Amino acid sequence: MADCTCEIALAEDPAVRARQLWKHTTVRRHVHAPLRDLLSDMAAGRERCMYCGDNQGTDIDHFEPIDRHPMRAFDWTNHVLACSLCNSHLKGTTYPLDGDGRPLLIDPTAEDPTPHLRLVLAAGRGATPSHSEARSPSRCSTSTAAC
């Protein structure tokens, strides 16, 4: 992965080269599969989407999008598991920032998401909450207005 980062650094347009490399067949075979396996192993038994938590984390998402920071395209700490819906349609290249330029999404490699999560159990329903009851505030990470 370091070789790819060096190639991106030397490119005339780093964002274009990073995207080309990330989509290249050889990279898909030799980087994507092992990286997805490592991320899945780290979340053994819970291989859920980092954004919605409802779906299987089948895709590798760049937490900070390639277009925003191409030098992080192959940075280990910039990869998270995501479902295809969140990765392609909901988050995509979205990377919301606050007024000071800090990301509004919780980066699980740098911050413990636990304080942002809550579990609400309805009385008389047993130990398994319904889908809507299990929602946490962090699930609205791309649009706090929806919370």
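Mentor: Let us begin with a term: a salt bridge is a side-chain nitrogen of Lys or Arg within 4 Å of a carboxyl oxygen of Asp or Glu. The model shown here is predicted.

Trainee: How far apart are the closest N and O atoms of E7 and R17?

Mentor: E7 belongs to helix α1 and R17 to helix α2, ten residues apart. The cut-off for a salt bridge is 4 Å, and this pair forms one. The closest N and O atoms lie at a separation of 2.2 Å.

Trainee: Which residue forms a salt bridge with R19?

Mentor: R19 lies in helix α2, and its partner is in the loop between β1 and β2, so the pair ties together parts that are 48 residues apart in sequence. The closest N and O atoms are 3.2 Å apart. The partner of R19 is D67.

Trainee: Is R72 buried or exposed?

Mentor: The side chain of R72 meets that of D75 in a salt bridge. Buried means under 20% relative accessible area. R72 has a relative accessibility of 16%, and therefore it counts as buried.

Trainee: Which element gives the most residues to the lining of the second largest pocket?

Mentor: This pocket is lined by 17 residues, with R19 and W22 among those nearest its centre. The elements that give two or more residues are α2, α3, β1 and α4. With four residues, the element that gives the most is β1.

How values were computed. Residues numbered from 1 in each chain as written. Predicted model: local features only at pLDDT ≥ 70, side-chain atom pairs only at ≥ 80, totals over all residues. Heavy atoms only, no water. 1 Å grid on protein atoms, 1.4 Å probe; cavity = no way out; pocket = protein on both sides within 12 Å on 5 of 7 lines; lining within 4 Å. Buried < 20%, exposed > 50% of the residue type's maximum accessible area, 1.4 Å probe, protein only.
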